[in-house]
Amino acid sequence: MKARTRAATLLLTPFFVLFTAVMVVPIGYAVWLSLFTEKQSGLGFGGTETVFTGLDNYTAALGDRAFLEGFGVLLGYCLLYVPLLLAGALGLALLLDSALARARRFFQLALFLPHAVPGIIAALIWVYLYTPQLSPVVQAMDAGGVGFDFFSPEGTLPSVVNIALWEWLGYNMVIFYAALQAIDRSVLEAATVDGASAWRIAFAIKVPLIKASLAMVGLFTIIGSLQLFTEPLILNKGTGSAVTSTWTPNMYAYTAAFDRNDYGLAAAASVLLALTAALLSFAVTRLTGRRRTGTANGPVTAGEPGAAGRPGTTARKERTA
């Protein structure tokens, strides 16, 4: 027993050391930094001094309309982006997993390739495609009578969502496809023999069996959405778009730190954003956990997939006989 404990300690120590160095220490430093601010003495001719201000930076961030509007932007972004990503990735995965699919390897690679492009490069590519004077796409849309300004206040959010979908759709499709490939093929064969259509097999059998993967991708997508930064930052630089320097909370913190040199306010904004992500993660995890528990404890019919291994199925069969 002691040998196992020593082996486990030896194997886990590098992880906890790295986790402490790159996660715990930076977060702790950010919390510490958020409690201070730099002030100039006299009429501004003296040097700056660091002053303990307690929760003043948090109050300033929460009282700043630009910071709160950034969360509104994130809410609209999540409401538009998360359903489109989950539906698109799941639909593509189901198509690749279907019996009619051909050249699976090619389409997996083709759909995954955009994820291999760094986010800043992807944003630059789409800025080119959004610019009316340069983009053949915009020119073709104008020629067809479909006028749309991707940099307008109404078009900015869909523009950012489109870039994110292009980057992440293939990545999450691979996750769903791997989960679908892990399903016991005998279950699908039994459903086919019973006369179930392809649509029924897909949405009544396959999708329920990969709920864990759906919940995981949904959780990671929501957390990633809260960290929205690269795409709107590129759109903000010299494109004339409606994206401001405080369009998202991350951009607000970046502007506070590097444009206004207010590191205490930037740290406070970052801590508030991290707390929001933690609360949302907890809520989504509890919600999906309750649904999974409810499904596992629910009634099961004798012909339902997976019923053979659950208590009470044999008894029902005997009573029926």
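**Close-up views of a predicted model**

**View 1. Surroundings of tyrosine 130.** Beyond residues up to four places away in sequence, tyrosine 130 touches Ser135, Val138, Phe150, Phe151, Ser159, Asn162, Ile163 and Leu235. Contact here means heavy atoms within 4.5 Å. The model is predicted: local features need pLDDT of at least 70, side-chain atom pairs count only at pLDDT 80 or more, and totals for chains, interfaces and linings use all residues. Residues are numbered from 1 along each chain as its sequence is written, and side-chain values use heavy atoms, with hydrogens and water left out.

**View 2. The largest nonpolar core.** This core has 30 residues. Those with the most contacts inside it are Tyr77, Tyr81, Tyr130, Val160, Leu228, Leu235 and Trp247. A nonpolar core is a set of buried Ala, Val, Leu, Ile, Met, Phe, Trp, Tyr and Cys residues joined through side-chain atoms within 4.5 Å. Buried means under 20% relative accessible area, exposed over 50%, and partly exposed in between (1.4 Å probe, protein chains only). At least two residues of this core come from each of helices H3 (65–97), H5 (119–130), H7 (156–181), H11 (230–236) and H13 (263–297). H3 gives the most, with 7 residues. Helices (H or I, at least four residues) and strands (E, at least two) are DSSP runs, numbered from the N terminus.

**View 3. The crossing of H3 and H9.** The axes of H3 and helix H9 (residues 198–209) come within 12 Å and cross at roughly 105°. H3 is therefore roughly perpendicular to H9 (65 to 115 degrees). Axes are lines fitted to C-alpha atoms, for helices over the stretch in contact, and angles run from 0 to 180 degrees between N-to-C directions. H3 contributes Leu90, Leu94 and Asp97 to the contact; H9 contributes Ala202, Phe203, Lys206 and Val207. These residues divide into 5 nonpolar, no polar and 2 charged. Ala, Val, Leu, Ile, Met, Phe, Trp, Tyr, Cys and Pro count as nonpolar, Asp, Glu, Lys and Arg as charged, and the others, Gly among them, as polar.

**View 4. Threonine 221 in H10.** Helix H10 (residues 211–226) holds threonine 221. Threonine 221 is buried, because its relative accessible area is 7%. Leaving aside neighbours within four places in sequence, threonine 221 is in contact with Tyr81, Val82 and Leu85.

View 5. Serine 135 caps the N-terminal end of helix H6 (residues 136–143). One of its side-chain oxygens lies 3.1 Å from the backbone nitrogen of valine 137. Glycine 145 follows H6 and has a positive phi, near 80°.

Note on methods:
Angles under 35 degrees count as roughly parallel, over 145 as roughly antiparallel, 65 to 115 as roughly perpendicular and the rest as oblique. A polar contact is a pair of N or O atoms within 3.5 Å; within protein, one must be able to donate a hydrogen and the other to accept it, and residues adjacent in sequence count only if both atoms are side-chain atoms.
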